[in-house]
Amino acid sequence: MDPQEFRAQAHKMVDFIADYYRDVESLPVRSQVTPGYLRSSLPSNAPEEPQSFDTVLDDVKSMIVPGVTHWQNPNFFGFFPSNSSTAGMLGEFLSGGFNVDGSEWATSPAATELEMLVLNWLGKLLNLPDEFLFNRSGNGGGVIHASASEAVLVALLAARGRAISENKAKGLEEQEILSKLLVYTSDQTHPCLHKACVIVGLPKSNLVILPTLATDDYALSLPILKSAVRNGVTKGFIPFFLGATVGTTSSSAIDPLPALADIAKEYGMWFHVDAAYAGNACICPEFRHFLNGVENAHSFNLSANKWLLTNIDCSILWLKRYEFLNLLFFIYTISFQLKTSSIQSRVVNFKDWQVAQGRRFRQLWFVMRLYGALGLRNHIRTHINHAKHFEILVREDSRFEILAPCRFGLVCFRLKPSVKHEDNGWKLNSSLLEAINSGGKIFMTHTVLSGVYTLRMSIGGTQTKRENVDDAWKIIQEEAQNLLDQEII
Ligand SMILES: Cc1ncc(COP(=O)(O)O)c(C=O)c1O
C-alpha cells in the first residue's frame, strides 16, 4: 500500500470500528457459534495472490464478528472487565505505526523513557511509595508486561533469585536451596501463581495453598498462614515467597496486607501483591486504603487493561529492587556494547525485566493524557456506584442472596435454594446462568465459593450505563422466575 491507499483503507477501518462501537449493543453478547464454525467458511490455505482490503473487511463482517464474544458490549458482565477506550485504540494504532522494538534503551530511547515516565505517573496516582518509582537514587520502577500472569512469574523469578543469593551466602548449594523453597498463598489466588511455580520448576508440593473461609470474606487467614510457615521452617524448608491478592478473581476478596507484610518480613519472604483488577480502583483516594500495606511489599502488579480504559495488553509490575531481574535475565546484546560507556549505567533495558526480548510501545500515555486522572477516577467510580446499585436490587428481592462483600464492581450472589434443592442450589443457579447467557442480551460468569455455585455480576464496561444494569437485573429476575415456575409444574 502506498501512503494514499493506506490512508483510504485506514479510514475504512476507523469507520468500521466506530460503527462497531455504535452498534455493538445490538449484537448477542456471547458468541452463538459452535466449535469449528470457521473451518467450513474460510479456506484452509493462505491465499497465493494478494487480496483486496475490502474482501478481507467483508469477511470480518460476515465471518469474524459472529464468532466474537463482545466484551465491549455494555451488557457484558462476565469475568473481570477488559474495557477499552478510543484513546487506547489510537495509542495502539500509533504503536503499530512506529513498530519499534524497545527491548533496550538504545533500540528506541523514547519507548523506554516514556514507559518509565508513565509508570511513575500511575505509581504516583496510586500513592505508591517512592521505592517503587524510577528515581535517581533508587533501584525501583515499573515495567509493562503482556499479562498479570507474566508479571507474577517475573516477581517469582526475582524472589527466587534473591532467595538463592541469600542462601548461598549462608553456605547452601543452589540445588539444595531450590528443593527447599516454599511459596505461600491462598486458595483464592489466581492460578497464574501456580502456573508460575510450574514454569520456575518448583515441585508441586512446594506451593502451599492455604484454605480461606466465608467468615473471613475469603481473605488469607493469618493464624492459618503463621502455622503453615512455622511448620515449613520446622521441617527445614525455606519460605521465600508470600503471594497476596487485593481483589481476588472469584469474589474480589482482600488479603490483610499489613499483617502479611509483617509475617513475610519475620521469615525473610519476598512479599508480592497481585491487584490485577482492584488495584485500578486505588487511584481514587476513597479506595486507596485497600492497598494499605503495599508499601512493605517487594513487588506489586496491576492490569490497566482490566479496568483503566487501556486496551489489552498492559499489565504492570512494580518492583522495589530490580537488580534481581537484571542478574537473571541479562543477556549480551547491544547494551553490552554500551556497557563500558557512561550511558549504560544510566539506562534501563526492559528486556532484562521480562521473559521476551522484544517489546513495543504501549498506549497508557495516550489514555492517561486524554482522560486525565479525573476522567479515570470517574470511570472507576461510575462502575462501583453501578455495582452498589445492583447489590441493593439483589438484596431487595428475597428470592436472592448476596454471597460476598461488594467492594468494587463485582457482585457475587445466587438464587436461594430451598430444601428440595439437594445440591444446595448448584443446578438451579447453573441453569439460571445458562438461561441468562443463551438469551444473548447479557453475559455473566460464575465462580464457586465454599462449594456454593455463585453468580458473578461484574460491572466495568466502558459504555455500561445504569440502564444496562437495571435491564440486566430484569432479565435475571425473569429467568429466575421462569425456572422456579417450571419446578412447580
Ligand atoms: C487477580 C488476578 N490475577 C491475575 C490474573 C491473570 O490475568 P492475565 O490474564 O492478565 O494473566 C487475573 C485474571 O483475571 C486476576 O483476576
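Q: Why does W353 count as buried?
A: In this predicted model, W353 has 1% relative accessibility. Buried means under 20%, so W353 counts as buried.

Q: What makes F134 and W353 an aromatic pair, and why is the pair called tilted?
A: The centres of the two rings are 5.8 Å apart, and rings pair if their centres lie within 6.5 Å. The planes of F134 and W353 are at 40°. Planes under 30 degrees apart would count as stacked and over 60 as edge-to-face, so the F134 and W353 pair is tilted. By this rule the model has 23 aromatic pairs.

Q: Why does the pair of F134 and W353 tie together parts that are apart in sequence?
A: F134 sits in the loop between helix 4 and strand 2 (141-145), whereas W353 sits in the loop between helix 12 (334-338) and helix 13. The parts tied together are therefore 219 residues apart in sequence.

Q: Is F134 buried or exposed?
A: The relative accessible area of F134 is 11%. Because the cut-off for buried is under 20%, F134 is buried.

Q: Why is the pair of W365 and F366 called edge-to-face?
A: The ring centres of W365 and F366 are 6.0 Å apart, with the planes at 80°. Edge-to-face needs an angle over 60 degrees, so the pair is edge-to-face.

Q: Why are W365 and F366 called partly exposed?
A: W365 has a relative accessible area of 27%, and F366 has 25%.

Q: Which residues line the largest cavity?
A: The lining consists of A111, L114, E115, V118, I144, R360, F361, R362, L364 and W365. Helix 4 (109-125) and helix 13 (364-396) are the elements that give two or more residues to this lining. Helix 4 gives the most, with four residues. By class, seven of the lining residues are nonpolar, three are charged and none is polar. The volume of the largest cavity is about 90 Å³.

Q: How many polar residues does the lining of the second largest cavity have?
A: That lining has seven polar residues, four nonpolar and no charged ones. Among the residues that line the second largest cavity are W71, Q72, N83 and S458. Its volume is about 60 Å³.

Q: Why does S299 count as buried?
A: S299 has 0% relative accessibility. The cut-off is under 20%, so S299 counts as buried. S299 is in strand 7 (residues 299-303).

Q: What makes the approach of S299 to H272 a polar contact?
A: The two side chains come to 2.7 Å. A polar contact needs N or O atoms within 3.5 Å, so this pair qualifies as a polar contact. Beyond its neighbours within four places in sequence, S299 is also in contact with residues including F132, A155 and L317.

Q: Why is T69 called partly exposed?
A: The relative accessible area of T69 is 25%. That value is between the limits of 20% and 50%, so T69 is partly exposed. T69 is in the loop between helix 2 (53-64) and strand 1 (76-77). A polar atom of the T69 side chain lies 3.0 Å from the backbone nitrogen of S31.

Technical notes
Residues numbered from 1 in each chain as written. Predicted model: local features only at pLDDT ≥ 70, side-chain atom pairs only at ≥ 80, totals over all residues. Heavy atoms only, no water. 1 Å grid on protein atoms, 1.4 Å probe; cavity = no way out; pocket = protein on both sides within 12 Å on 5 of 7 lines; lining within 4 Å. Points joined across faces, edges and corners; volume = space filled by probe spheres on them. Nonpolar A, V, L, I, M, F, W, Y, C, P; charged D, E, K, R; others polar. Buried < 20%, exposed > 50% of the residue type's maximum accessible area, 1.4 Å probe, protein only. Polar contact = N/O pair within 3.5 Å; in protein donor to acceptor, adjacent residues only side chain to side chain. Contact = heavy atoms within 4.5 Å.
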